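Q: I would like to learn how to read features of a model like this one. Please go through them with me, one at a time.

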Amino acid sequence: MTDPWWKGAAVYQIYPRSFADANGDGVGDLRGITAHLDHVASLGVDAIWISPFYTSPMRDFGYDVADYCDVDPTFGTLADFDALVARAHALGLKVITDQVWSHTSDQHYWFRQSRQRRDGDKHDWYVWADAKQDGSPPNNWQSVFGGPAWTWDARRQQYYLHTFLREQPQLNVREPAVQEALLAVGRFWLERGVDGFRLDAINHAMGSAALTDNPPAPPSNKPRTRSFDFQLKQHSQDQPDMLPFVERIRALTDEYPDRFTVAEIGGEESDWVRKDYTAPRRLDTAYGFDFLYAEQLTPALVRAALAQWPGAAGEGWPSWAFENHDAPRAVSRWALPEHRDAFARAKMVLLAGLRGNIFLYQGEELGLTQVAVPFELLQDPEAIANWPLTLSRDGARTPMPWQAEGAGHGFTAGTPWLPFGADHGALAVDAQEADAGSLLHWTRRLLALRRAHAALRVGTIAFVDLGPGVVAFERASGDERLLCVVNLTPEPRALALPDGVTLVASGVSGASFEGYGALLALRAPAEAAAGPAPGWGDEEAPVGSSTTAPADAGAQLGDARASRTPPATGLRPTPEHAGGEGRETSSTTAPADAGAELGGVSASRVPLATGLRRSPGWSELGGRSSPLAQNVVDADPTAGTGADATADATALAAPRA
């Protein structure tokens, strides 16, 4: 049985406001996206995920939807969207759109009708409740952005619920008419050729019907910058009543061939929720915040995250992201400035090697850094409300630099809505296109390998113990076995590795790994045919494994050196490809430079998930922390840094949910 296209896929997230501006108003738009889809296709990804572009007053920049079935004039028209889909499909790219179904804008006509009277049209389409006897809110639930999750409305003389901004009232998704209306929205976009949905904050769509108070969170050393942080969200989210509607969403998408659904599942302990949402007859996959807000990237964190999805019978399929529009840029969060080039390569090797779907955020292929946007230029309502104790989401939403030169860096002919980082010009697409050793070319090479090797796309995973600071695992599918090894420290490591051939390597010479050295290697065919080498751990039963024969993808390892920036010969998709077959780069092309001699190694099975998904090195501000938290921004808004400052003096962001 052939695996569906989405299993093991690489998905590229586009934040429309910041990707490309075609009309010169300083804000990205749909025509700008369409004009730059060749770049996205050349990376070798399978699909794009476009953040909201629907009609919106932009209080939360598109996540406050006023009309689910139209395009906001800021971004263009429905005709522009249709042209985008046509171009993407011509390039072999699937199109995934964001669906924000837990709440709307307070400007949506549904809400305007609902708030008029208690017995009027759509009166029960939102979550309304009477005040307590003393006039206080119905319960103690808190907004993700801080403060009570309830706002008084004088027209109905009731409170309405909002998990996020007060301008984002919560839909009553229990109401059958609301479910029908949302499914009609989904059908509208499926009929326009959309290939699937990313369901935003979907586990927030239903709270307890009884509106039971949340219990307090246990004491913690972690700074609590929002009132939301003081509670365990036992009753305000993650309710089992939501699952029948999730099954209805799946039934809708199943009416259209080859469609895909991915859930965003937030929460401190979201593992079981993701499993529930991806059980049979529900959504295809889900991702959480395992990596998105982690202060440090460690082997323990990687093992714990992957261990949540061992491939048990009936288990869903995971997805992973290191960056997105809500989280700080990973190269700034996880590495010091002097190590960022090497770290960015190592991080990309790790991402390409993970079991599950992988999501790349625009600019991640360039190694874009977090920008410290000064207070006077902030757009993010959450950051403004909680300044200076949360890192603005704006710092990861700054415009995409297409050209090294010029004030607008090829993003716009006007004034960009957010400032560029001081180093973003040097990281621009045209500069990296001209450098065969750039991170951009490195990313293309890794994604080509992921497409070419079934073991990387759909294979099993077994972790290997190689010592402190090193994460290593074997991916296997059929007779094919690949080894991924990443030194997650800035210190060099001498490692003993099994026999095999190097596919790609960065910062590796023989058995020596420089700081943030990394490689992907194909196990020697003879060894693979004979089974695991002595000391290697047992492996999980294959999950959706393909029987594709292993590719002849590399040179036999010996005394040859693996350079930090190996050329991308033969493995990079051509920019001018026009279809899926043009993007299917064969692994039988010229191999990567040879790497280290592999020798005996001991292995461990994937550790059991114990609920702890942060690394043992995680600590709070004032303790051992990420480079982003080395210094705290001055609380005086007038003392903001320059518009093009980096984010090394900025506090870490709080998770969106």
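A: Begin with a loop: Pro-388 lies between helix H12 (381-386) and helix H13 (429-433). Helices (H or I, at least four residues) and strands (E, at least two) are DSSP runs, numbered from the N terminus. This is a predicted model, in which local features need pLDDT of at least 70, side-chain atom pairs count only at pLDDT 80 or more, and totals for chains, interfaces and linings use all residues. Residues are numbered from 1 along each chain as its sequence is written, and side-chain values use heavy atoms, with hydrogens and water left out.

Q: Is the peptide bond from Trp-387 to Pro-388 cis or trans?
A: Most peptide bonds are trans. From Trp-387 to Pro-388 the bond is cis, with omega near -5°.

Q: Which residue other than glycine has a phi near 60°?
A: Most residues other than glycine have a negative phi. Asp-258 has a positive one, near 60°. Asp-258 sits in the loop between H7 and strand S10 (260-264). Its relative accessible area is 54%, so Asp-258 is exposed. The cut-offs are under 20% for buried, over 50% for exposed and partly exposed in between (1.4 Å probe, protein chains only).

Q: Where is Arg-281 found?
A: Arg-281 is in the loop between helix H8 (271-277) and strand S11 (285-287). Phi is positive here too, at about 75°, although Arg-281 is not a glycine. With 61% relative accessibility, Arg-281 counts as exposed.

Q: What does Glu-247 touch, not counting residues up to four places away in sequence?
A: A contact means heavy atoms within 4.5 Å. Glu-247 touches Arg-281 and Arg-282. Glu-247 belongs to helix H7 (residues 243-254). It is partly exposed, at 26% relative accessible area. Thr-278 is 31 residues apart from Glu-247 along the chain, and their C-alpha atoms are separated by 9.7 Å.

Q: At roughly what angle do the axes of H6 and H7 cross?
A: Axes are lines fitted to C-alpha atoms, for helices over the stretch in contact, and angles run from 0 to 180 degrees between N-to-C directions. Helix H6 (residues 176-191) and H7 cross at roughly 25°, and their axes come within 10 Å. That makes H6 roughly parallel to H7 (angles under 35 degrees). The crossing is right-handed (the near helix is turned clockwise from the far one by less than a right angle).

Q: Which residues in H6 and H7 meet?
A: Gln-179, Glu-180, Leu-182, Leu-183, Gly-186, Arg-187 and Leu-190 in H6 meet Phe-245, Arg-248, Ile-249, Leu-252 and Thr-253 in H7.

Q: What angle do H11 and H14 pack at?
A: Helix H11 (residues 340-353) and helix H14 (residues 439-452) pack at about 15°, with axes 10 Å apart. They are therefore roughly parallel to each other. This crossing is right-handed. H11 brings Ala-344, Arg-345, Met-348, Val-349, Leu-351, Ala-352 and Gly-353 to the contact, and H14 brings Leu-439, Trp-442, Thr-443, Leu-446 and Arg-450.

Q: Is Trp-110 buried or exposed?
A: Trp-110 counts as buried, at 6% relative accessibility. It lies in helix H5 (residues 109-114). Beyond four places in sequence, its contacts include Tyr-68, Trp-125, Tyr-126 and Leu-182. The C-alpha atoms of Trp-110 and Trp-125 are 7.5 Å apart.

Q: How many helices and strands has the chain?
A: There are 17 helices and 22 strands. Of the 657 residues, 63% are buried.

Notes: Parallel < 35°, antiparallel > 145°, perpendicular 65-115°, else oblique.
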